Amino acid sequence: MQLLEKIVANAKAAKRRIVLPEGLEERTLRAADRILAEGVADLILIGNPDEIKAKAKELGLTHIATGATLVCPKGNPDKEKYANILYELRKKKGMTLEEATALAENPLYLACLMIKAGDADGEVAGAQNTTGNVLRPALQIIKTAPGIKVVSGAFILLTKAPQYGADGTLVFGDCAVMPAPTAEELAQIAVSSAETAKTLVGIEPKVAMLSFSTKGSAKHENVDKVTEATRLAQELAPELAIDGELQADAALDLKTGSSKAPGSKVAGHANVLIFPDLQSGNIGYKLVQRLGGAEAIGPILQGIAMPVNDLSRGCSVEDVYHMVAITSNQATAALNNK
């Protein structure tokens, strides 16, 4: 069974409640209809129920009207409950109850408030909204996972090189969110990416902190940052196999790793690659994808206490479908860790 098939199968078994705040967006509706038909997740669509039903009928979709929970943001009977939750969370920042009540009608805020209240397990948005608009309420309401202060984005790379990673599968982070992480932030990205590897790929993570230096072969402040990040990551999650600083060849190739970093449990065996900054991470995954013919799954947002995933505004119906399945898997892991 291929990885995405396993992720979908796990989602079907768990049947998590995933909220879709862009309830009238066509690709979202088409994906939702398939998700409901196949029993991948229980769905909550935010929007005017009559308009959602009419749009679904217009598109020839038959499962949304009866299979999804439709929540009207303005006429929501739980609006006062959610407004009070938001007010309590943000009153020290100067938010008034009136402002909280107004925001409780915003679908992106409402989705996060439903998760915070335990009425949903995860969210998928971004087909119509910017990353900033998706993340802002998530960080204000759901907040980050214990021990983590930074949200990052990982990609799962399904390569055609089975000698590397986990039979050719690797997790790359951060490739989507943090332009210039500090050593502390880079350490947290490493721990979050390891969790993504365990949760979604089902592998025991071996985390390589990448640099242009291996074990002191070069001297530079950028190398120092990676070395410090490695130390902090090892302190943050001593149970994980994390090593650095490592060049990419030392991380991936057994012969090179044994030569450049003898005795390392990660060198030559890495299946999670942590890039020192967003430039190198984004460039790296796209080179592997384009030149190596790898399939790139993501970005998968990580570090939030309960999963919120951001779609590209150019996403396909298939992208929405799989991101709901991924979010369901993340939700199961988060709930098991509570």
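Reply: This is a predicted model. In it, the second largest pocket holds about 480 Å³ of space.

Me: Which residues lie nearest the centre of the second largest pocket?

Reply: The lining of this pocket consists of 23 residues. By class, 13 of them are nonpolar, six are polar and four are charged. Those nearest the centre are Gly298, Pro299, Ser312, Asp319 and Met323.

Me: Which element gives the largest share of the lining of the second largest pocket?

Reply: Two elements, E10 and H14, each supply at least two lining residues. The largest share is six residues, and the element that gives them is E10.

Me: How much space lies in the largest pocket?

Reply: The lining of the largest pocket has 17 nonpolar, eight polar and four charged residues. The space within the largest pocket comes to about 670 Å³.

Me: Which residues are the closest to the centre of the largest pocket?

Reply: The volume of about 670 Å³ belongs to the largest pocket. Its lining is made up of 29 residues, and the closest to the centre are Ala145, Pro146, Glu195, Ile304 and Asn337.

Me: Which element gives the most to the lining of the largest pocket?

Reply: The elements that give two or more residues to this lining are helix H9 (183–201), strand E10 (295–302) and helix H14 (317–337). The greatest contribution is eight residues, and it comes from H9.

Me: What is the radius of gyration of the chain?

Reply: The chain contains 14 helices and 11 strands. For 338 residues the globule rule gives 20 Å, and the value for the chain is close to this, so the chain is as compact as a globular protein of that length; its radius of gyration is 21 Å.

Me: What does the C-alpha trace span along its principal axes?

Reply: The trace belongs to a chain with 14 helices and 11 strands. Along the principal axes, its span is about 65 × 45 × 30 Å.

Me: How far apart in sequence are the parts tied together by aspartate 121 and arginine 17?

Reply: Aspartate 121 and arginine 17 form a salt bridge, with their closest N and O atoms 2.9 Å apart. Aspartate 121 lies in the loop between helix H7 (107–116) and strand E4 (122–125), whereas arginine 17 lies in strand E1 (residues 17–20), so the pair ties together parts separated in sequence by 104 residues.

Me: What accessible area do Ile283, Leu287 and Leu291 have together?

Reply: Ile283 is found in helix H13 (residues 278–292). With Leu287 and Leu291, Ile283 forms a nonpolar patch on the surface, and their accessible area together is about 340 Å².

How values were computed: Residues are numbered from 1 along each chain as its sequence is written. This is a predicted model: local features need pLDDT of at least 70, side-chain atom pairs count only at pLDDT 80 or more; totals for chains, interfaces and linings use all residues. Side-chain values use heavy atoms; hydrogens and water are left out. On a 1 Å grid over the protein atoms alone, a cavity is a set of points where a 1.4 Å probe fits but cannot get out, and a pocket is an open set with protein on both sides within 12 Å along at least five of seven lines; lining residues have an atom within 4 Å of a point. Grid points are joined across faces, edges and corners, and a volume is the space filled by probe spheres set on the points. Helices (H or I, at least four residues) and strands (E, at least two) are DSSP runs, numbered from the N terminus. Ala, Val, Leu, Ile, Met, Phe, Trp, Tyr, Cys and Pro count as nonpolar, Asp, Glu, Lys and Arg as charged, and the others, Gly among them, as polar. Patches are made of residues with over 30% relative accessible area and no salt bridge: like charges are joined within 9 Å, nonpolar side chains (Val, Leu, Ile, Met, Phe, Trp, Tyr) within 5 Å. Accessible areas come from the Shrake-Rupley method with a 1.4 Å probe; for residues, only the protein chains shown count as cover. A salt bridge is a side-chain nitrogen of Lys or Arg within 4 Å of a carboxyl oxygen of Asp or Glu. The radius of gyration is taken over C-alpha atoms; the globule rule is 2.2 Å times the number of residues to the power 0.38.
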